[in-house]
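These are my notebook entries on one structure. I looked up its metal site, its charged pairs and its aromatic rings.

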Amino acid sequence: MGLGSVVTSLLIVGPPVASALVTFPPDLQTEPFTGIRLCQERLDGDASKSYACTGTGRTVIRFSTRVGDHGAGPLELVPDPSVRLSGCPSDVPADEEVMVDERIYRDKNGDGVFERGTDTGHTDHVAGCKYYHAAHHHYHFDDYASYSLYAEATGQLVSGGTKTSFCLTDSGNFDISLPGAPQQPYYSSSTCGSLTGIDGTSVGWFDTYGPTLPGQELDVTALPSGDYCLVTIADPDNRLIESNDGNNTRKVRIHLDPSQAPVNSYISVQKLKAPCTAGP
Ligand SMILES: [Ca+2]
Ligand SMILES: [Ca+2]
Ligand SMILES: [Ca+2]
């Protein structure tokens with residue numbers, strides 16, 4: 001008997017589940033990379049001149065990522081000043097940092113669907129630190145995603161492995177017919193400017209991180225021409241409770257020749273059909 005059969009029979013013969021026990025956790029999934037580009041940063045550091053290929057003279061790839069919520073309820077992060085600061089960046093003043101709770105809602109009316117304003121009961125747990133991010137000019141939740149590059153020839157990590165922080169919003173939707181999905185964006189970027197704002201991503205919606213944002217790059221200076229595996233992981237330290245923590249990794253095999261990176265412009269990076277053999 002397979003596991004699916006066991007679960008099915010338990011659901012049929014078991015007692016009714018009390019509605020208070022049904023919760024609506026989110027399920028983060030990273031959508032495929034888009035807009036992967038290669039450039040050599042100019043030394044003048046004038047970020048107003050678009051594509052963000054300015055700064056230190058490094059050769060970098062830049063890319064766009066999206067993290068969507070495919071779960072039964074929203075990902076919601078609520079500032080909780082009663083919790084002592086822990087794991088916050090040491091270079092940010094303490095009055096620009098606050099711990100945040102992940103809020104998981106419960107099914108108050110027992111219909112199995114999350115409804116804003118009806119299913120108001122919830123459980124909070126401490127998820128991490130929110131702090132002022134000088135480069136993005138607003139407040140961020142720490143360690144929300146990671147980016148890494150592995151060489152297919154050696155299997156070695158050759159760039160990245162570090163974690164990136166974001167302010168979470170509903171910047172677009174992928175399926176607003178999902179149960180619990182709002183028809184309009186609920187979490188807006190207006191709360192990103194406030195230490196006390198509630199941030200999140202709704203069911204059926206995603207947050208987009210464009211290629212020109214600080215942090216949406218990996219240093220590929222002096223890497224040899226070849227195939228590489230580009231990897232992103234949502235919630236890499238598993239600070240957030242989800243219905244599925246096993247689907248947060250997105251990988252794509254790309255061909256790179258960093259010696260061809262133009263200055264003052266960029267070229268598109270080719271995605272390959274062959275799957276990655278390097279990386280997680
Ligand atoms: Ca997930
Ligand atoms: Ca409900
Ligand atoms: Ca998680």
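**Entry 1: metal site.** I began with Val113, which is partly exposed at a relative accessible area of 29%. I took buried as under 20% relative accessible area, exposed as over 50% and partly exposed as in between, with a 1.4 Å probe and protein chains only. Val113 gives its O atom to the calcium ion (ligand 2). I counted as donors N, O and S atoms within 2.8 Å of the metal (3.2 Å for Na, K and Ca); water is not among the atoms, so sites may look incomplete. The spacing of the donor residues in sequence reads D-x1-N-x1-D-x1-V-x1-E-x3-D. Asp119 has a relative accessible area of 1% and is therefore buried.

**Entry 2: basis of the values.** I note that the model is predicted, that local features need pLDDT of at least 70 and side-chain atom pairs pLDDT 80 or more, and that totals for chains, interfaces and linings use all residues. Residues are numbered from 1 along each chain as its sequence is written, chains are lettered from A and ligands numbered from 1 in the order in which they are written, and side-chain values use heavy atoms, without hydrogens and water.

**Entry 3: aromatic pairs.** I searched the whole structure and found 9 aromatic pairs. Rings of Phe, Tyr and Trp (its six-membered ring) pair if their centres lie within 6.5 Å; planes under 30 degrees apart are stacked, over 60 edge-to-face and the rest tilted. Phe24 and Phe114 form an edge-to-face pair, because their planes stand at 65 degrees, with 5.9 Å between the ring centres. Phe24 lies in strand 1 (residues 23–24) and Phe114 in the loop between strand 6 (97–106) and strand 7 (122–133), so the pair ties together parts that are 90 residues apart in sequence. I used DSSP runs, numbered from the N terminus, for helices (H or I, at least four residues) and strands (E, at least two). Phe24 is buried at 2% relative accessibility, and Phe114 is buried at 7%. Phe114 also pairs with Tyr105 in a tilted arrangement, 5.2 Å centre to centre with 40 degrees between the planes. Elsewhere, ring pairs link Phe141, Tyr144, Phe166 and Tyr209 into a cluster.

**Entry 4: salt bridges.** How many salt bridges are there? I counted 10, each being a side-chain nitrogen of Lys or Arg within 4 Å of a carboxyl oxygen of Asp or Glu. Glu217 and Arg62 meet at 3.3 Å, N to O. This pair joins strand 13 (residues 217–219), which holds Glu217, to strand 4 (residues 59–69), which holds Arg62, across 155 residues. Both Glu217 and Arg62 are buried. Asp237 and Lys163 form another salt bridge, at 3.0 Å, N to O. Asp237 sits in the loop between strand 14 (226–234) and strand 15 (249–256), whereas Lys163 is in strand 9 (residues 157–166), 74 residues apart. Asp237 is partly exposed at 35%, and Lys163 is partly exposed at 38%. Asp227 and Arg253 meet at 3.5 Å, N to O. Asp227 lies in strand 14 and Arg253 in strand 15, 26 residues apart. Asp227 is partly exposed at 25%, while Arg253 is buried at 16%. Shared partners join the salt bridges of Glu41, Arg58, Arg62 and Glu217 into one network.
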